[in-house]
Amino acid sequence: SLAATMRGGYKDYGFGDTAVRALDGINVDIARHEFTAIMGPSGSGKSTLLHTLAGLDKLTAGESSIADIVITQLPEAKVTEVRRDHIGFVFQSFNLIPSLTAKENITLPLDISGKPVEKSWFDEIIGILGLGDRLTHLPAELSGGQQQRVAVARALVARPEIIFADEPSGNLDSRSGAELLGFMRRAVKEFGQTIVMVTHDPSAAAYADRILFLEDGQIVDEMREPTADRVL
Ligand code: ADP
Ligand code: ADP
C-alpha cells in the first residue's frame, strides 16, 4: 500500500504549437512514512508534479492515486473528497485567512469537515511548533516563520495521511527554516507522517529520506538518505 503513485504522468499547459509539456512521463511511488523531496531547476515541473500528485491539478495523460484510490478518472467533487480525507497541503505563500486568528486558521480544516478538535493532538502540534502564545494573534501580527508554522499546523491538525508542501521554508530565514524542517522530519519519524516537499534548496532537501531530481518534466535521478554534503 502506497501513499501516492503516478504512472505515465504527462501534463501539458496550452494547446498546439504553443503547448508546454510540464510533465513528460513521470513514474513515481511515494511510500508511507517517508519524507520525499523534489528538487530541480526553475521550470522543471516541481510545482506541477506536486499539484497533480495532490489532486489539485489534472494530468493530461496517465494515472495517479492517493491512498490507493485512483483519482485520475474521478469527478472533481470526488477528488475534493479524497483530498479532504487524506491530504494536507502547505503553500509557499502560507495562504492564511487574514481575518481569522492563528487558532481559527489551524482548526479550519476540521471546522469545514465537521470533525472535532482532538485536544491532545492539537496541544502536541502547538507545543512542538512553539505557537502556544500566538494562538489569538491574526496572521498580520505574526512573523513569516510563525505564519509558516501556522500553515504547517493547519496541514497537520486533521492528521492527514500525506502532507504536500511547496517550498515550505522558501520564505523563511535560515534558522526558522531549519526549525520547520526539523519539525517536519520529526512528524515523519515520530508520528509516521508521509511528506512530499518541493524545494530548490539543497540544505532543505537534506532533511528528507529521499530526493527526486526533476529536469524538463522527467525524473532524472534519485538519492536515498541524503546528507547536506552529498546534496551540495
Ligand atoms: P517549477 O515548479 O519546477 O518551477 P513548474 O511546474 O512551475 O516548474 O512549471 C513547469 C513548466 O510549466 C514551466 O515551463 C512553466 O512555465 C510551465 N507552467 C506551469 N504552470 C503553468 C500554467 N498554469 N500555464 C502555462 N504554463 C505553465
Ligand atoms: P513555484 O515557485 O512554486 O515554482 P511558479 O512561480 O512556477 O511557482 O508558479 C506560480 C503559479 O503560476 C502556479 O500556479 C503556476 O501554475 C503558474 N505558472 C507558472 N508558470 C506559468 C506560465 N508560464 N504561465 C502561466 N502560469 C504559470
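The model is predicted, so local features require pLDDT of at least 70 and side-chain atom pairs count only at pLDDT 80 or more, whereas totals for chains, interfaces and linings use all residues. Residues are numbered from 1 along each chain as its sequence is written, chains are lettered from A and ligands numbered from 1 in the order in which they are written, and side-chain values use heavy atoms, with hydrogens and water left out.

Ser 47, Gln 92 and Asp 166 are the residues around ligand 2, a residue being near a molecule if one of its heavy atoms lies within 4 Å of it. Polar contacts are pairs of N or O atoms within 3.5 Å; within protein, one atom must be able to donate a hydrogen and the other to accept it, and residues adjacent in sequence count only if both atoms are side-chain atoms. For Ser 47, a polar side-chain atom lies 2.6 Å from an oxygen atom of ligand 2. For Asp 166, the distance between a side-chain N or O atom and an oxygen atom of ligand 2 is 3.4 Å. Ligand 2 taken alone exposes 550 Å², of which the protein buries 20%; accessible areas come from the Shrake-Rupley method with a 1.4 Å probe, and for residues only the protein chains shown count as cover.

Salt bridges (a side-chain nitrogen of Lys or Arg within 4 Å of a carboxyl oxygen of Asp or Glu) number 17. One of them joins the side chains of Arg 7 and Asp 29, with an N to O distance of 2.6 Å. This pair links distant parts of the chain, 22 residues apart, with Arg 7 in strand β1 (residues 4–13) and Asp 29 in strand β2 (residues 20–30). Helices (H or I, at least four residues) and strands (E, at least two) are DSSP runs numbered from the N terminus. Arg 7 is partly exposed at 38% relative accessibility, as is Asp 29 at 30%; buried means under 20% relative accessible area, exposed over 50%, and partly exposed in between (1.4 Å probe, protein chains only).

A salt bridge also forms between Arg 185 and Asp 209, whose closest N and O atoms are 3.5 Å apart. Arg 185 lies in helix α6 (residues 174–191) and Asp 209 in the loop between α7 (202–205) and β9 (210–215), so the pair ties together parts 24 residues apart in sequence. Arg 185 is partly exposed, with a relative accessible area of 28%, whereas Asp 209 is buried at 3%.
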